[in-house]
There are 2 protein chains.
Amino acid sequence: MDIWRVNLREQTLQREAVPEKWDHLGGRGLSARILLDEVPPTCEPLGPYNRLVLAPGLLVGHMLTSCDRISFGGKSPMTRGIKEANAGGSTGLHMTNMGMKALILEDQCRTDAKARSGWWVLHLSLAGARFEPADDVAGLGVHDTAARLLKRYGDKVAMALIGPAGEMRLAAAGIQSLDKDRVPSRIAARGGLGAVMGAKRLKAVVFDDAGGKKPPIAHREAFKAAQKVLTANTLDHPQTKTYQEYGTPAMVQMCNALGGLPTRNFSSGKFEGAETISGEHMRDLLLQRGGESEPTHACMAGCIIQCSNTYGGEDGKAIVSPLEYETIGLLGSNLGIADLDTIARLNWEVSDLGLDTIDMGASLGVAAEAGLMAFGDGARGLQLLAEIRQGTPLGRILGHGAAVAGRVLGVQRVPVVKGQAMSAYEPRAIKGTGTTYVTSPQGADHTAGNTVRAKVDHLDAKANIATSRGAQINMAGFDCLGACIFAGFGFMVKPEVIPELLHARYGWQVGPDILQVLGKETLTLEREFNRRAGFTAADDRIPEYMRTEPLPPHNSVFDASESDLDGLFNW
Amino acid sequence: MDIWRVNLREQTLQREAVPEKWDHLGGRGLSARILLDEVPPTCEPLGPYNRLVLAPGLLVGHMLTSCDRISFGGKSPMTRGIKEANAGGSTGLHMTNMGMKALILEDQCRTDAKARSGWWVLHLSLAGARFEPADDVAGLGVHDTAARLLKRYGDKVAMALIGPAGEMRLAAAGIQSLDKDRVPSRIAARGGLGAVMGAKRLKAVVFDDAGGKKPPIAHREAFKAAQKVLTANTLDHPQTKTYQEYGTPAMVQMCNALGGLPTRNFSSGKFEGAETISGEHMRDLLLQRGGESEPTHACMAGCIIQCSNTYGGEDGKAIVSPLEYETIGLLGSNLGIADLDTIARLNWEVSDLGLDTIDMGASLGVAAEAGLMAFGDGARGLQLLAEIRQGTPLGRILGHGAAVAGRVLGVQRVPVVKGQAMSAYEPRAIKGTGTTYVTSPQGADHTAGNTVRAKVDHLDAKANIATSRGAQINMAGFDCLGACIFAGFGFMVKPEVIPELLHARYGWQVGPDILQVLGKETLTLEREFNRRAGFTAADDRIPEYMRTEPLPPHNSVFDASESDLDGLFNW
């Protein structure tokens with residue numbers, strides 16, 4: 001495996017041996033290491049000194065169930081700290097088939113008179129790198145863009161691409177990958193890496209793994225044996241059945257019962273319309289509607305959980321795929337919308353623009369509080385999204401996410417940490433996830449360490465400090481492996497399978513705590529980047545109103561002590 | 001002298017003895033001390049925990065020439081650090097006549113159903129505090145507001161008031177005071193303290209000093225003797241004559257000759273239209289036009305410099321008062337506008353909205369770079385300002401100042417430090433002022449330590465570190481005294497006059513270096529507030545492009561070393 005380094009200004013590719021200190025890392029941890037080594041932490045995120053890193057996890061390449069995730073990394077234009085966002089789909093798999101340990105995109109494509117184009121596709125194959133003008137797809141949504149590029153490059157390629165939002169360098173823009181059915185539905189959504197790619201004037205990176213092969217395995221039999229254990233444990237896990245049937249929308253009823261379902265710009269944790277936006281209701285609806293509707297769908301080849309779905313309308317035609325819990329929480333209850341069809345339409349627009357549904361739901365919630373839409377008015381929500389597509393001033397305000405929208409519109413209740421919006425777990429009711437929001441170097445992000453399933457009193461701030469710490473370490477570890485959280489359930493049944501897999505794949509002798517070792521190293525690297533970028537404990541704070549305004553129905557505030565928060569990473 | 005403390009929510013006034021550690025401070029230093037003692041540095045600037053402090057300088061009250069300035073302080077919604085902005089006019093004088101060492105405004109006025117009003121006037125007199133509904137002046141510009149309030153409260157009062165921008169809580173909103181002719185032309189402009197006042201739902205604070213008297217003088221004869229020296233030295237100073245004749249616009253030709261006149265969004269330091277926006281040209285024009293035009297005008301009673309002016313149009317009717325150099329640089333050359341009448345009209349609009357001309361000029365420059373106006377198109381500039389008055393999304397973007405405008409509009413060349421726009425001294429050509437921009441706890445601000453008049457090679461970064469340090473210390477000292485920089489020229493002829501005046505006024509025995517002692521204490525307090533608010537060396541940095549893009553005509557970059565910058569305050 002090599003490091004592939006592309007200088008966008010010079011249009012050159014170098015394949016480099018992996019430096020020793022990078023070798024044991026993958027995914028999120030490798031991205032953090034590269035950024036710390038190569039990107040000035042105080043640089044302008046949308047300027048030439050920022051780099052965009054693509055790093056498949058350590059276990060990517062062999063279709064282990066739910067372990068083929070790809071990490072995108074760079075300095076975030078949203079948090080202005082380090083950023084990693086990962087996704088399923090086929091990009092990671094193609095990269096490892098081509099022998100890439102990581103891809104580093106340096107500088108920015110030229111757009112001056114000497115350049116032949118304003119937008120570019122970077123095409124990578126075993127033959128090397130090719131830059132091709134992309135002006136014909138500039139301005140197109142991700143769905144049309146993907147369709148055209150698949151026609152141009154053949155439907156066997158993988159790709160990472162941006163929508164109009166990334167082109168506009170909006171801070172809530174993500175980067176999309178194709179799922180196994182070539183739909184650009186797998187978004188590395190958080191923190192604006194799509195804007196970083198847009199600032200580099202790259203519309204898409206295409207990966208053609210023709211002639212490639214799976215990465216080598218040191219001990220094939222041991223690998224197979226471990227894989228078998230992982231598969232069995234994952235299949236047996238009670239959560240797997242829930243996610244197979246309902247997908248992530250299973251969380252709607254659970255969070256609502258905990259009083260932690262964000263409702264009307266995070267003003268309540270209980271939504272009167274929870275029933276009609278629940279996973280149970282959605283499953284019934286999709287089974288009844290049929291057609292393209294699918295309550296169960298795999299995003300990666302080989303996944304046995306298949307937590308994804310295709311949401312079809314009354315006519316059975318697909319509206320969006322997938323419709324996830326966090327999207328339902330942010331574009332649904334958070335906007336006072338109790339109708340899944342409306343939420344699905346909002347979701348499709350946000351996704352086609354290439355935006356993060358979480359930050360956009362929070363942004364629209366802030367817009368509603370500013371009087372720009374009535375809660376519950378989905379048609380107005382669609383109009384506001386159309387403003388983004390048109391690139392109007394209001395569209396730009398909203399497309400930068402909730403923090404910028406709150407600041408510009410003069411709203412005080414803005415559910416963000418480090419400039420990034422909270423997900424669909426209210427921190428005043430689910431305080432462990434709240435602790436993760438506050439302390440994660442990534443900004444508010446449930447995937448950095450969600451505690452909603454932990455057996456803990458979610459209202460007890462003190463008890464949740466250790467819960468959040470453990471979850472953050474484990475999740476950072478899984479993000480190094482390329483494992484999705486649901487594979488994590490399987491791993492945690494028998495954690496020895498992790499060192500067994502790493503030994504079988506690489507021949508490494510690693511201890512039983514390798515997941516935690518990788519997780520801690522990753523968090524330490526990320527915190528060091530942020531420290532150099534100017535972050536302090538003052539950035540590890542919940543918004544002021546969440547400490548003072550009680551949240552119904554528990555009428556609780558976020559009351560983790562500052563010393564507990566500041567000591568969370570003292571290991 | 002007492003501390004007057006008003007709780008806006010409870011509508012109560014308390015007069016408190018001055019705590020010992022506050023007693024030796026005034027103006028900017030006192031404001032810093034109060035904020036550090038009473039405001040949580042991580043609080044939301046527009047929330048209830050921020051306080052607005054009004055503190056006259058130590059020498060205010062006796063019409064010493066140019067020494068009656070008033071400091072406004074609070075946590076800035078623009079820099080998110082400590083903020084002080086001071087102004088001339090009559091507010092400081094009325095406060096000291098009423099026996100106020102400082103006024104502290106706590107919490108926010110109620111606007112719920114129990115409140116009788118959405119906006120309030122706070123009326124202060126020796127009889128105490130009165131809250132009166134201000135809904136009749138809500139939405140009015142500062143000129144109409146001042147006129148109405150003068151009619152209501154009598155034309156002997158002083159007042160501090162905000163315009164529509166402060167009501168909208170725009171981050172570039174300032175607080176205006178009346179000049180000696182009752183025009184609300186003296187703005188504490190920088191850093192958004194008008195938004196802090198707006199968030200408190202205060203349209204104006206009216207000071208009626210009826211029955212008050214000048215503050216006591218310990219040694220009257222010594223005071224008179226020192227005052228005489230100060231007056232003579234100020235009058236004799238060669239700069240005084242320049243400022244009497246041309247006012248601050250004298251700087252246009254000087255900065256242009258230095259290659260440091262911001263032109264077309266800080267892309268050049270030389271403006272081909274400098275001649276027609278110069279102080280010399282302006283003086284000729286005003287003398288020729290007559291009528292209400294005045295090339296020389298005092299902003300405070302008793303000022304012998306009279307650097308202000310009234311800019312009249314072709315018909316001799318006043319367009320705006322005053323028209324200052326920094327406004328000409330930012331709303332003129334920085335927008336490619338070479339016509340003083342156009343600049344004056346832009347200035348009036350900005351002032352009537354209650355906005356900072358510096359940040360608005362920089363904001364419009366960024367808008368021009370984003371393609372929203374052509375450089376040189378003043379009519380389009382006026383349209384953009386009209387958007388602010390209408391409160392449109394674009395208006396809100398621009399009204400928050402250059403940093404927010406740059407971020408939302410996706411512009412990379414944004415001339416700000418700590419979120420605050422640079423003034424009309426290009427840091428790549430006048431590197432001492434640039435060093436002040438970078439290191440001042442106030443964000444980019446020429447009044448924190450301008451070095452343009454220093455005898456130093458302005459292009460030599462190393463040589464300018466000490467120049468900036470000295471200027472920052474002295475300016476912080478003057479801001480404690482209530483002295484304007486032009487009185488500073490007079491003081492520096494014979495610095496002993498400062499301890500003499502403080503001894504005569506208060507009976508204090510202070511050393512010959514009292515100006516520097518006060519200055520260093522002030523800067524230390526401010527840096528400590530910022531440190532607790534989360535600021536680090538990473539915030540003491542010039543925008544990336546100013547280190548890499550050479551500025552014509554010298555083709556110089558800002559090249560002060562990071563270690564020099566980081567060591568500047570090691571005294």
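The following dialogue explains how to read several features of a predicted two-chain model.

Me: Which conventions apply to the numbering and to the model?
Reply: Residues are numbered from 1 along each chain as its sequence is written, while chains are lettered from A and ligands numbered from 1 in the order in which they are written. This is a predicted model, in which local features need pLDDT of at least 70, side-chain atom pairs count only at pLDDT 80 or more, and totals for chains, interfaces and linings use all residues.

Me: How is a sheet to be read, and what is the strand order in the six-stranded sheet of chain A?
Reply: Strands of a sheet pair through backbone hydrogen bonds, either parallel or antiparallel. Strands (E, at least two residues) and helices (H or I, at least four) are DSSP runs numbered from the N terminus, and two strands pair if DSSP finds at least two bridges between them. In chain A, the open sheet of six strands has the order β2-β1-β6-β3-β4-β5, with mixed pairing. Its edge strands are β2 (12–16) and β5 (82–87) of chain A, each pairing on one side only. The twist averages 20° from one strand to the next; axes are lines fitted to C-alpha atoms, for helices over the stretch in contact, and angles run from 0 to 180 degrees between N-to-C directions.

Me: How many bridges join β1(A) and β2(A)?
Reply: Strand β1 (residues 2–7) of chain A pairs with β2(A) in the antiparallel sense over five bridges. The bridge partner of Arg5(A) in β2(A) is Gln14(A).

Me: Are the residues of β5(B) buried or exposed?
Reply: A residue is buried if 20 or more other C-beta atoms lie within 10 Å of its own, exposed if 12 or fewer, and partly exposed in between, with C-beta atoms placed from the backbone. Strand β5 (residues 82–87) of chain B is mostly covered, six of its six residues being buried. Ile82(B), Glu84(B) and Asn86(B) point one way from β5(B), and Lys83(B), Ala85(B) and Ala87(B) point the other way.

Me: Which residue stands opposite Ala85(B)?
Reply: Phe72(B) stands opposite Ala85(B) in β5(B). Strand β4 (residues 70–75) of chain B and β5(B) pair in the antiparallel sense over six bridges. Their hairpin has six residues between the strands, and there Arg80(B) takes a positive phi near 65°.

Me: How is the packing of two helices described, and at what angle do α13(A) and α16(A) cross?
Reply: Two packed helices are described by the angle between their axes and the distance between the axes. The axes of helix α13 (residues 357–369) and helix α16 (residues 402–409) of chain A come within 8 Å and cross at roughly 15°. That makes α13(A) roughly parallel to α16(A), the class for angles under 35 degrees. The contact (C-beta atoms, placed from the backbone, within 7 Å) includes Asp359(A) and Val366(A) of α13(A), and Ala405(A) and Leu409(A) of α16(A). By class, this contact has six nonpolar, two polar and one charged residues. Ala, Val, Leu, Ile, Met, Phe, Trp, Tyr, Cys and Pro count as nonpolar, Asp, Glu, Lys and Arg as charged, and the others, Gly among them, as polar.

Me: How many residues of each chain take part in the contact between chains A and B?
Reply: 25 residues of chain A are in contact with 25 residues of chain B. On the side of chain A that touches chain B, α15 (393–399) and α16 of chain A are the elements that give two or more residues. The residues of that side divide into 11 nonpolar, seven polar and seven charged.

Key:
Parallel < 35°, antiparallel > 145°, perpendicular 65-115°, else oblique.
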